[in-house]
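Colleague: I have a model open and some questions about it. Can we go through them one at a time?

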Amino acid sequence: MDFVMKQALGGATKDMGKMLGGDEEKDPDAEKKEEERLEAIRQAEEERAGKYAKMEAEREVMRQGIRDKYGIKKKEEKEAEAMAAMEAQAEGSLTRPKKAIPAGCGDEEEEEESILDTVLKYLPGPLQDMFKK
């Protein structure tokens with residue numbers, strides 16, 4: 001009966017055992033193969049990145065040639081020139097954007113004078129003497 005069963009399945013009894021939850025054969029070189037596979041993937045990724053970097057460099061050279069030929073400026077250069085022009089125009093303007101802290105202000109802590117000291121400065125001498133006492 002066993003012989004008939006093997007003939008009917010065509011020698012697939014090993015696979016049947018695995019399908020039914022039997023022990024799988026462990027490949028002793030599986031870890032090594034996995035490392036090689038990961039290394040190959042990493043190397044392919046590096047090659048792909050290098051290829052695209054080279055293509056982008058070629059494109060940038062072409063773009064720069066076109067910019068030079070037609071006098072076109074990069075977006076960053078345009079923005080920098082626009083900001084410089086705005087600052088030059090607004091230097092003497094009343095509506096120029098305010099700077100955070102003007103130069104020389106707020107660097108040193110000054111003692112605030114009281115209101116009484118300020119008033120005393122503007123009083124005549126004899127009155128100042130009266131208030132000081």
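Modeller: A residue is buried when its relative accessible area is under 20%, and exposed when that area is over 50%. Bear in mind that this is a predicted model.

Colleague: How much of the chain counts as buried?

Modeller: The cut-off is a relative accessible area under 20%. The chain has 133 residues. The share that counts as buried is 3%.

Colleague: What does H3 span from its first C-alpha to its last?

Modeller: H3 has 41 residues. At 1.5 Å a residue, 60 Å is expected, and the model comes close to that. Gly-71 follows H3, with a positive phi near 70°. The span of H3 is 60 Å.

Colleague: Which residue forms a salt bridge with Arg-42?

Modeller: Arg-42 is partly exposed at 38% relative accessibility. The closest N and O atoms are 2.3 Å apart. The partner is Glu-39.

Colleague: Where is Asp-29 found?

Modeller: Asp-29 is partly exposed, with a relative accessible area of 41%. Together with Glu-31, Glu-35 and Glu-36, Asp-29 forms a negative surface patch. Its place is the loop between helix H2 (13-19) and helix H3 (30-70).

Methods. Residues numbered from 1 in each chain as written. Predicted model: local features only at pLDDT ≥ 70, side-chain atom pairs only at ≥ 80, totals over all residues. Heavy atoms only, no water. Patch = residues over 30% accessible without salt bridge, like charges linked within 9 Å, V, L, I, M, F, W, Y side chains within 5 Å. Areas by Shrake-Rupley, 256 points an atom, 1.4 Å probe, with all protein chains shown as cover. Salt bridge = Lys/Arg side-chain N within 4 Å of Asp/Glu carboxyl O. Lys, Arg positive; Asp, Glu negative; His and termini not counted. Charge placed at Lys NZ, Arg CZ, Asp CG, Glu CD. Helix = DSSP H or I, 4+ residues; strand = E, 2+ residues; numbered from the N terminus. Buried < 20%, exposed > 50% of the residue type's maximum accessible area, 1.4 Å probe, protein only. Expected span 1.5 Å × (residues − 1).
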